[in-house]
Amino acid sequence: LSSTTPLIRSKATLLLGEALKRLPEMKLNDAAVSVLCDFLCDRLADTPCVPQVVFALHGLLMNHMLSDGKEVRVMRDLIKEVQVQSQTLGTRTQVFEILGVYLAKYPNTVRSLAREFVYGVIQAIDSERDPRNLRLTFPLMSNLLRLIPDAAGFAEELADIASSYFP
């Protein structure tokens, strides 16, 4: 995980992600989840490893609850470090699913990061063209507007995104 070779780092991160994803029954205490969050958030800055880190975060978020402010750090770092539209289809899909998990599992965190979260969603969704991902993004925008009343302040941006698919 700390190799100087990008390929080795990305493969090691992928192995960690596979364990988190394929072993949902694996019991992790809060300290272990916290360490994993910190490690994966730090690793988001490592460009060659971003797809594997997103994969690992997806597994962690799907199968474990974050606490002690780690859900805030993960969201902020994901929004800040991942240029979603420059990623592959699979990675973009996982980012959209992560955003959906946040809306479902961490509504208070989403509300506390309201403007930041809405802006991150808009950035992630903007220019998405794959129909499989669009099936994820439209409900994401709808749920976002339901959860964050202040998202109406971004109504023009959200409308611009939606209108690009329905000229």
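Predicted model: local features only at pLDDT ≥ 70, side-chain atom pairs only at ≥ 80, totals over all residues.

Reader: Where is Phe154?

Author: Phe154 sits in the loop between helix 8 (131-147) and helix 9 (155-163).

Reader: Buried or exposed?

Author: Phe154 is buried, because its relative accessible area is 10% and the cut-off for buried is under 20%.

Reader: What does Phe154 touch, leaving aside neighbours within four places in sequence?

Author: With those left aside, Phe154 is in contact with Arg115, Val118 and Ile122.

Reader: And how far is Phe154 from Gly120, C-alpha to C-alpha?

Author: The C-alpha atoms of Phe154 and Gly120 are separated by 12 Å, and the two residues are 34 residues apart along the chain.

Reader: Changing topic. How many aromatic pairs does a search of the whole structure find?

Author: The search finds 1 aromatic pair. The rings belong to Tyr102 and Tyr106, with centres 5.2 Å apart.

Reader: Why is that pair called tilted?

Author: The planes of the Tyr102 and Tyr106 rings are at 45 degrees, so the pair is tilted. Stacked would need under 30 degrees, and edge-to-face over 60.

Reader: Are Tyr102 and Tyr106 buried or exposed?

Author: Tyr102 is buried, and Tyr106 is buried as well.

Reader: Last one, Thr137. Which helix is it in?

Author: Thr137 is part of helix 8. Thr137 is also buried, with a relative accessible area of 0%.

Reader: What is Thr137 in contact with, again leaving aside neighbours within four places in sequence?

Author: On that basis, Thr137 is in contact with Phe96 and Ile125.

Notes:
Residues numbered from 1 in each chain as written. Heavy atoms only, no water. Helix = DSSP H or I, 4+ residues; strand = E, 2+ residues; numbered from the N terminus. Buried < 20%, exposed > 50% of the residue type's maximum accessible area, 1.4 Å probe, protein only. Contact = heavy atoms within 4.5 Å. Phe/Tyr/Trp six-rings, centres within 6.5 Å; stacked < 30°, edge-to-face > 60°.
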